[in-house]
Amino acid sequence: MIHRLVSIGVRASIILVGLGLFGGFAFAQRNGPARTPPMGWNSWNHFACKVTEADVRAAADAIVSSGVRSAGYIYANIDDCWQGKRDGQGVIHPNEKFPDMKGLSDYVHAKGLKLGIYSSPGPKTCAGYEGSLGHEELDAQTYARWGIDYLKYDYCSFQGDVPAPMAAYKKMHEALEKTGRPIVFSLCQYGMDRVWGWGPSVGGNLWRTTGDISDNYDRMAYIGFGQNGLERFAGPGHWNDPDMLEVGNGKMNKDEDLTHMSLWCLLAAPLLAGNDLSKMTPETLAILTNPEAIAVDQDPLGVQGHRVAQEGQLEVWVKPLADGSKAVGLFNRGESVMPVTAYFRDVGVGDEALIRDLWEKRDLGVHHSSFTAQVPSHGVVMIKVKP
Ligand code: GLA
C-alpha cells in the first residue's frame, strides 16, 4: 500500500514539474475566453487592406441583424491596415480610415459583440504598417484602453529563429496579461517551428497552422485535410487554426463551401467568417449558421477530429462529442459523385447506431455496422452517429 502511495506521489510530482515547465498551459487557460473555438468575423478575406471603420460597423450590424450572432459569432475582428503613426510618447494611433477606435469599440460592445485587432511582433505588419516591436506594453495598454477583446499577432517582418519568436509572442502575452483585460491571443506565424508544440506556453489561445487560405477549393482542401495529426495539440483554451473561412466569398460552389464548413467544424477550428456579412445570400447564411454543424465545432469536449479512413479521393473524418456520440464527415474530393462508406468500427461505435444528417437536419434511422451515402464531387455528407 505504502509502496503504491509513494509511486502515486512520485508520479504526481513528475506531473507537477511537467506542468511547471509547461507553465504556458496555465497561461492559456487563465486567459479564460476561447474555452471553445472562437467564433466571429474578420475583415481580411473580403476587405483586405481597404477595410474602414464603416465596414466594421456594417459587419457588426449585419452579425446581429442576420442572426449570425445568435448562432454564436461574437467577435468583429479588424485585420491589418488600421494602423497610423506613433506619437512622441510612442503611442500608436489608428489611420484616417479608423477615426474613432474607442467609439467603434463602444458601438460593437453595445451590440453584445467583442472587438478584435491585429499587430505584428516585428517592426512592420505584413502589409507594411506599424508593428509592435519595442512597443509591446504600450500597445497592449492602448488596446485595453480602446476595449479590445482579441489580438491577432502576425509574424510578418519579425526576424529570428526559435526561441526568438517564442520570446516575442510571450512578451506580448505578458503585456496583455498585465492590462488585466481578458484578450484572446491569436498567434499567426503560418505553422512554422511546430508552433502547436509551444503555442500554449506563450499564452496562445489559437495558432495558425499553415500559410494563407484563399477562396479556392484546392487551397481550402489542401489546408483543411492537411490538419490530420495535429489533433492532440488542440483543446479548450488552445486551438489549431487552419485560417479564416472563405464561405460566401463567391469562388467556391455550394458543395465546396459545405465541405469547408463541415471540415472546420470537425476540426474544432476557430470559425471566423471572412465574407461581407452585409451582402450574403440566404445559402451562405444557412451554411454559416447551421446550429447542428456549429454544435459540432463548439462541442464542450473540445476534441479536434481526425481522419479514420481514406480510399483515394474519399475520406472519413470523426470527431468525438461530449454526449458519447460521434460527428462524422464523409468527404468526396474527386470529380464525380461517389458512394462513401463510414464503417462503425472506424467511427468507434458498436454494431448498431442512430444516424442523423446534420445538413439535411433529418434522422436517418438505425444502421448496422456501416453507413453509406452518395456524396457529390467536392462535397460532403456530415452525420451524427449515436451508439
Ligand atoms: C498575413 C496573414 C493574413 C492576413 C495578412 C494581412 O498574410 O496570414 O491572415 O492577416 O497577413 O496583411
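Because the model is predicted, local features need pLDDT of at least 70 and side-chain atom pairs count only at pLDDT 80 or more, while totals for chains, interfaces and linings use all residues. Residues are numbered from 1 along each chain as its sequence is written, and side-chain values use heavy atoms, with hydrogens and water left out.

## Two domains

Let us start with the overall layout. The chain is divided into domain 1 (2-297) and domain 2 (306-386); these bounds come from an automatic or database domain assignment. Taken over C-alpha atoms, the centres of domain 1 and domain 2 are separated by 30 Å. Their contact (heavy atoms within 4.5 Å) takes 27 residues from domain 1 and 23 residues from domain 2.

## The parallel sheet

Strands of a sheet pair through backbone hydrogen bonds, either parallel or antiparallel. In what follows, helices (H or I, at least four residues) and strands (E, at least two) are DSSP runs, numbered from the N terminus. Two strands pair if DSSP finds at least two bridges between them.

Angles here run from 0 to 180 degrees between N-to-C directions, and axes are lines fitted to C-alpha atoms, for helices over the stretch in contact.

Leu151 stands opposite Phe185 in β7.

Two loops that follow these strands have backbone details to look for. Pro163 is found in the loop between β6 and α7 (164-179), and the peptide bond from Val162 to Pro163 is cis, with omega near 15°. Tyr190 is in the loop between β7 and α8 (195-198); its phi is near 65°, a positive value in a residue other than glycine.

## The antiparallel sheet

Another open sheet has six strands in the order β11-β12-β13-β18-β15-β16, and here the pairing is antiparallel. The edge strands β11 (306-311) and β16 (362-368) each have a single partner strand, so one side of each is left without a neighbour in the sheet. The twist averages 25° from one strand to the next.

Which residue of β13 is the bridge partner of Glu315? The partner is Phe331. Helix α10 packs on the sheet, touching β12, β13 and β18, and its direction makes about 145° with that of β13. Helix α9 (residues 217-225) lies across β11, β12 and β13, running at about 50° to β12.

| Strand | Partner strand | Sense | Bridges |
|---|---|---|---|
| β12 (residues 314-320) | β13 (residues 326-332) | antiparallel | seven |
| β3 (residues 83-86) | β4 (residues 92-94) | antiparallel | two |

In β4, Pro94 is the bridge partner of Gln83. The hairpin of β3 and β4 has five residues between the strands, and Gly90 takes a positive phi near 90°.

## Empty spaces

Rolling a probe the size of a water molecule over the atoms shows where empty space is left. On a 1 Å grid over the protein atoms alone, a cavity is a set of points where a 1.4 Å probe fits but cannot get out, and a pocket is an open set with protein on both sides within 12 Å along at least five of seven lines; lining residues have an atom within 4 Å of a point. Grid points are joined across faces, edges and corners, and a volume is the space filled by probe spheres set on the points.

The largest pocket holds about 300 Å³ of space. It is lined by 17 residues, and the closest to its centre are Lys254, Leu258, Asp357, Trp359 and Glu360. Helix α11 gives the most to this lining, with four residues. Domain 1 and domain 2 each supply at least three residues to the lining of the largest pocket.

How many cavities of 30 Å³ or more does a search of the whole structure find? The search finds one, and the largest cavity has a volume of about 100 Å³. Of its 15 lining residues, the closest to the centre are Asn42, Lys152, Ser186, Met244 and Leu272.
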